[in-house]
Amino acid sequence: MTDLIQLQESIWARHSYLILALPLLSFIINSLLFSKKKKISAAISTVLSGASFAYVLGLVIPWFKIVLKAGSAPAQILWNWNWFPMTENFGVKLGLLLDPISAMMLVVITAIAFLVHVYSVGYMKDDPGKGRFFPLLSLFAFAMLGLVISTNLLQMYIFWELVGVSSYLLIGFWYHKPSAVAAAKKAFIITRFADAFFLLGIVIVAWMNGSVDFLLINTPEAAAQLNRTVSLGFASFNALSIATLLIFTGGWGKSAMFPMHVWLPDAMEGPTPVSSIIHSATMVVAGVYLTARMFPLFSAAPFTLEVVMWVGAFTAAFAAIIAITQKDIKRILAFSTLSQLGYMMFSLGVARMGTDINSLGYSASMFHVFNHAFFKCMLFLGAGAIIHRVHSNDLDEMGGLRKQMPWTYAAMLIACLAIAGVPPFSGFFSKDEILLTALQNGHIAVFVTGTVVGLLTAFYMFRFFFLIFHGEARTEISTAKEDPWMTFPIVLLAIPAAVGGLLLHKAFGSIVIPPMQISDICFANYDWVPWLATAMGVLGIALAWVLYGRKQTDVAAVLNTEDRPRWYQVVYDKFYIDDLWLWFSRTLIIKTFSGGLKWFDRNIIDGTMDLVGAVLQRGGVAVRKMQNGSVALYLGLFFTGLFLVAWFGNLPLK
Amino acid sequence: MSLLVPDFLILILAFGIFALDLLKVPAKVLWNVAWLSLTGIFVLLNTLPAGMSHEWMGAWELNNLGLLLREFFVFSALVVTLLTRRYFFANNAQLKRLPEFLFALLVVTFGSIVVVSAKELLTLFVGLELATIPLYFLVAWNKRCSLSAEASTKYILIGSASTAMMLFGLSYLYGFTGSLNFDVIKSQLSTQPLDNLFWTSAIFIIVGIGFKLALFPFHAWAPDVYEGAPTPVTAFLSVSSKATAIAFLTILLYGPLAPIHKDLDFLLLLLAAVTMLVGNLGALRQSRLKRFMAWSSIAQAGYILTALVGPANIAKPAIVFYLFVYAFSNYLMFWIISILESTRPTTFSSLQGLAKQYPALGAALAVTLFSLAGIPPVAGFIGKLFLFGSAANAGYYVFIIYAALNSTISLYYYLQVMRAAYVTPGSENPQALAITGFDKGVSLILTLLVLLAGFAPWLSNNIHTILQTGP
């Protein structure tokens, strides 16, 4: 532990605010000075983002060595600035909490941010809005970093909203497209809707517990303090359940779990680098991260964990089924992201058995966050490179691209194998652990769901893969070389996708454990689970090959969406959830509810006001009539007034 | 004795102008003498130290409140003197009568000063009459205008009735306490058992002052008189005359009548309540600006009356501050009316298209209307806040809600004036207004005063400091 104290005093830790300051600086100077000078803007953003990444490595690598040696990783607060003190022990603090999951997220965010910056130099080369793009990307990086290092719920909420704003701005980046504007609004409104519950949860925790610091609320004492009945006026609740559930609702929306998932596929209207960093690798895992961050408190509320589990498992299956039928490659990846987020979520949900905590669920979830970030980010970047080449998102326009884009092809193959859960690629390890936890803790239904979704995942990913790269080209494609600015990050990201799981799964298992009492009972080990998972992955790939990869595949028939059975249409139309939301917002909220209020406002409120107005106007007429200019009347009024004063004056007359 | 110099100067100025006029000194020169002297006196008053309470001959007193109100009355006289320029300078026959007008104006101002200096009932009454009688003749200034003559007649008739009542009430008070001196009356009232004789006197005094303040139901003269009188006189009536009456009530209620102040709370609030309601209702459907201002001023008196139920240390600063703000806003409004009057009739329709034609004048109009309606951040809002705060301090919360609702009604008609100036389109070729550099300068200063009194705390701080200084 002396090593940790030494680290805390090291130059890296003392100036660790630079991790945030560098992207913020990039945002400020680029938006103030270089919004017209696109090249300078791109260069500054990329360099500062690289510097931020380097700084994170400088901090995390020594920390990692120390904790690996010590075998445990207690959370440390490197700095905590009392930004807005309210009472003596309550206020808004901004600080840096260094623990396994924040260290992991710092590495993921800065690494991916840097690579996406590099990629964007190529991708946004000819975009007229480039000068606006880079500052926004830096703003996002700043917000996301601030979120993961939060020492308390309020700080997290502030940055939570800030990532929401930057996401909104970047989804609507091409604001001349009505669909982009609509998607941006949709994303913002749905996540804000969820955030309202999040804030309410924070208020309850702060009110009942007197603190919002993670180190203080993630304790059995805090859980015990919250574990009582509170009356919210209309009904009584267990404060622990309701607070954790409300906080989880924030993550529910941010991580786009069913039925609040509808914004994420639409968010693909943003530029592809944005989809890659925000809507697959980092921001959307914020909900999972929040659940993990609050895990000690959540795990004291079994009902909340149950909700987390079912929401996660259902979303995993639901999104995977939709992904099978989609034709827009970014949407396939979006639904895939939803499905994978479902895995991460239910992994946390199943981590409790009875009163025992199985740390494997927690570390598997975080491990999947880590692995998924790299391979999904890379899949998006690859998809972006393809879109850049064929100028379309549609599978109809692709096929046979492996010859034109060999680097991308190879990298994408690795990523697809990783997500399909084929050993030794990274996804296999985390997915296997997730399934194992579900089985160990006796959640058979979830385990079966997860296994089947594994099959579906392999299937839709290779459908995506074969239809893009194999077969004959369905449109004419330029034979230009791959842009090195774009290819370089893609290839680089293939490395963690390929070997990340193999190298790090031991470390994750031993270090990334929830900061709480963990039961030391030995959970049963099922040796056959990895084999089953692998078999599912291989089976999915084989099916996809049979249906889409072979030479004799009738691509036109498989891509036909018109002449299909009814169930296919339903899935293709994403189970009509979007329409349900539209109905919910248009018919229910706007027409019925607002309509009712409008009626009330028009008739009751306005009516009353009109009545008051009419009475006043009448009064005005009466007063005017009295003012007829006759002195006699005036004097009469005067003397009457004298008596009225005596009469009504309430004086102590005897 | 040197503290009385400003008071004497007013008197000397009044008679000096009268005498110089007889010596055929040109009226324009006298006008310049008048406004320069008033400015000088105003500055002089500001140099007087606060916190002194001086008494002369048991009848005349100079205290903090008196000092502030002296400044107020001199300021008011100064603005009206400036306002006369437009009416008298254009016409030679009129110009000849200007010194008389100024003389009357200064005598009224001196009367107001007598009221705020009074230490005994007789002085108080003389001051009040001195501040009223010249107004009768000022209202009738336009001898050939029948409206003016009619207004003056009504004013005299109702005014004498009220004077009779006031005198009657004061005589009973004297009879009951056996003294004219405020201190003796105060100690008598707190020791002696009060009987109906005394309450009769209290009622008559309040009714008497109710006339001057135009409280309902003693208000009926106001709309007719305001409309009939020449605009500078109307402006003066609405500000100085009203302020004199408020000063009179303040001095009585926090001085000799302090022991029975609590018993009068209900009556005061009742009068305030009906006055502001009737004032607001009356203003609701007006189309002539001066009449409209009469009703508006009636309602404003209701608001001011509200503050009188609070404790002295809160009520006095609230009232003085509001009087200043009210003077700024009302004079600005009347200045705009006077500009309109020289080429157009003083009706709402004359305002149409004003904001487009003269944006600066439109902005000034908006400022003064916002202030009268009490919309933040202009001064009227803070002024009303202080007034209502005083009543809140005495615990009359329901009444404040009522007053606030009334203030909402007033918003309606003030905004109607705004609508006339801003929304209603004017005629194609609107008649030009005669706006001189002098008009621009004075209305700019008044606009700035309205704005600054709301934004910056100089005025309210100053008033609070002065009222809290000394014994």
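Trainee: Where is the place of P424(A)?

Mentor: P424(A) is in the loop between α19 (406-420) and α20 (426-440) of chain A; helices are DSSP runs of H or I with at least four residues, numbered from the N terminus. This is a predicted model, where local features need pLDDT of at least 70, side-chain atom pairs count only at pLDDT 80 or more, and totals for chains, interfaces and linings use all residues. Residues are numbered from 1 along each chain as its sequence is written, chains are lettered from A and ligands numbered from 1 in the order in which they are written, and side-chain values use heavy atoms, with hydrogens and water left out.

Trainee: Is the peptide bond from P423(A) to P424(A) cis or trans?

Mentor: Cis, with omega near 5 degrees. Another cis bond joins F216(B) and P217(B), with omega about 0 degrees. P217(B) lies in the loop between α9 (196-213) and α10 (221-228) of chain B.

Trainee: What about K24(B), is its phi positive or negative?

Mentor: Positive, about 65 degrees, although K24(B) is not a glycine. Most residues other than glycine have a negative phi. K24(B) lies in the loop between α1 and α2 of chain B.

Trainee: At what angle do the axes of α1 and α2 of chain B cross?

Mentor: Roughly 175 degrees, for helices spanning residues 5-22 and 27-47, and the axes come within 10 Å. Axes are lines fitted to C-alpha atoms, for helices over the stretch in contact, and angles run from 0 to 180 degrees between N-to-C directions. That makes α1(B) roughly antiparallel to α2(B), the term for angles over 145 degrees.

Trainee: Which residues meet there?

Mentor: Among them are L9(B), L13(B) and I17(B) in α1(B), and L30(B), S37(B) and L44(B) in α2(B). Contact means heavy atoms within 4.5 Å.

Trainee: And how do α12(B) and α13(B) cross?

Mentor: At roughly 155 degrees, with the axes of α12 (residues 261-284) and α13 (residues 289-307) coming within 7 Å. α12(B) and α13(B) are therefore roughly antiparallel to each other. Residues in the contact include A272(B) and G279(B) from α12(B), and W295(B) and G302(B) from α13(B).

Trainee: Switching to rings, which one does R97(B) lie over?

Mentor: R97(B) lies over the face of W141(B), at 4.0 Å from the ring centre. In chain A, the charged end of R463(A) sits over the ring of Y548(A), 5.6 Å from its centre. The criterion is NZ of Lys or CZ of Arg within 6 Å of the ring centre and within 35 degrees of the ring normal.

Technical notes:
Helix = DSSP H or I, 4+ residues; strand = E, 2+ residues; numbered from the N terminus. Parallel < 35°, antiparallel > 145°, perpendicular 65-115°, else oblique.
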